Structures are given as structure tokens and as C-alpha cells.
Amino acid sequence: MIIGQYRNMKYALSVLAIFVGLLTFGQEALTSNVNSALAKGNASELAPFLAKNVSVEINGNEKIYSQEQAENVLDLFFKRTKPKAFDVKHASGPNKTGNNFNIGILRTENGAYRLTYLLKDGPQGQPKIRKVKLVKIVR
């Protein structure tokens, strides 16, 4: 009886490990796609990863936008600054509340910006961008 319970527990832990691995892989693919869209300054590639409502803050001016409005605001920002690269400096893993974030430097033709974006699990458990913060780095 104990051996059977041990096998069941071992099986359950194996399934759990596979599930966590798949979630992590999915999260890495998502952040890779987001980071690529940011590096290219491509708001339309970023749009599928935006939540229904997104907080966008640019140099201290913060507003909450619908997904479509946020895409337009970011598109305008990208057209004005012309991004060249996005270098991730810190990436957190998901915490208990389903949040994680990435912090990096967005290099543009008009200088560098510290860019932070917050991902939070959406209705179907798919992480979505809830906040984008851009602050010009003054040197």
C-alpha cells in the first residue's frame, strides 16, 4: 500500500514538474516576443500581448488606455523616437499573484529610455501587459 502511494506521489510530482516547465517555456516565449517587438519599435506586434486596459507612463505622464489606444500611444512614441534596441537588465519570474516584470534599456535615435513592463495573468491564465513605463535617461 505504501509503495503504491509513493508511486502515485512520484507520478503527480512528475506531472506537476512538466506543467511548471511548460508554463515557464510559454512565459519565456511570450517575453521574447514582447522584447523583440520593443526592440523593433513595432506596436502592432506588441498589441496581442496588451491587456484590455493598460497603464502607459511616459516621462511621468501616466494614463490608463484601452488595448487599442495603448497600441496607438506606443506607436506614436516609437515613430517619434525610432527604437534601435532593447536590452533586458532584469526579469522577474511570476510571483504568487501572477505578476512579473521586465526592466531594460530601450535605445532610440533620440537617446535611451528605462523601460519597465508588468505582466499579469489574464482571464485564461495567459499573461498580458498591464503597465508600460518609459523614462528618458538623462546623462
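This is a predicted model: local features need pLDDT of at least 70, side-chain atom pairs count only at pLDDT 80 or more; totals for chains, interfaces and linings use all residues.
Let me start with helix α3, residues 67–81, which lies across β1 (50–58), β2, β3, β4 (99–108), β5 and β6 and runs at about 40° to β1. The angle comes from axes, which are lines fitted to C-alpha atoms, for helices over the stretch in contact, with angles running from 0 to 180 degrees between N-to-C directions.

Residues are numbered from 1 along each chain as its sequence is written, and side-chain values use heavy atoms, with hydrogens and water left out.

Now to the sheet. The six strands form an open sheet with mixed pairing, in the order β2-β1-β6-β5-β4-β3, where two strands pair if DSSP finds at least two bridges between them. At the edges stand β2 (61–66) and β3 (83–91), and because each has a single partner strand, one side of each is left without a neighbour in the sheet. From one strand to the next, the twist averages 20°.

Strands β3 and β4 run antiparallel and are joined by seven bridges, and Ala-91 has Asn-102 in β4 as its bridge partner. Next, β4 and β5 pair in the antiparallel sense over ten bridges, with Asn-99 standing opposite Lys-120 in β5, and a hairpin of two residues joins β4 to β5. Strand β5 (residues 111–121) then pairs with strand β6 (residues 127–136), again in the antiparallel sense, over nine bridges, and here Tyr-113 has Lys-136 in β6 as its bridge partner.

How enclosed is β4 by the rest of the structure? Eight of its ten residues are buried, so β4 is largely enclosed; buried means under 20% relative accessible area, exposed means over 50%, and partly exposed lies in between, with a 1.4 Å probe and protein chains only.

What about the nonpolar core? The largest one has 26 residues, and those with the most contacts inside it are Tyr-117, Ile-129 and Leu-134; such a core is a set of buried Ala, Val, Leu, Ile, Met, Phe, Trp, Tyr and Cys residues joined through side-chain atoms within 4.5 Å. At least two residues of this core come from each of α1, α2 (43–46), β1, α3, β5 and β6, and β1 gives the most, with five residues.

Leaving aside residues up to four places away in sequence, Leu-134 touches several residues, among them Glu-57, Leu-74, Phe-77 and Tyr-113, where contact means heavy atoms within 4.5 Å. Glu-57 itself is found in strand β1 and is buried, with a relative accessible area of 11%.

Finally, I would like to turn to Thr-31, which has its place in helix α1 (residues 2–40). Is Thr-31 buried or exposed? Thr-31 counts as buried because its relative accessible area is 15%, and, not counting residues up to four places away in sequence, Thr-31 touches Asn-102, Tyr-117 and Leu-119. Pro-127, in strand β6, is also buried, at 9% relative accessibility, and although Pro-127 and Thr-31 are 96 residues apart in sequence, they are 9.6 Å apart in space, C-alpha to C-alpha.

Terms used
Helices (H or I, at least four residues) and strands (E, at least two) are DSSP runs, numbered from the N terminus.
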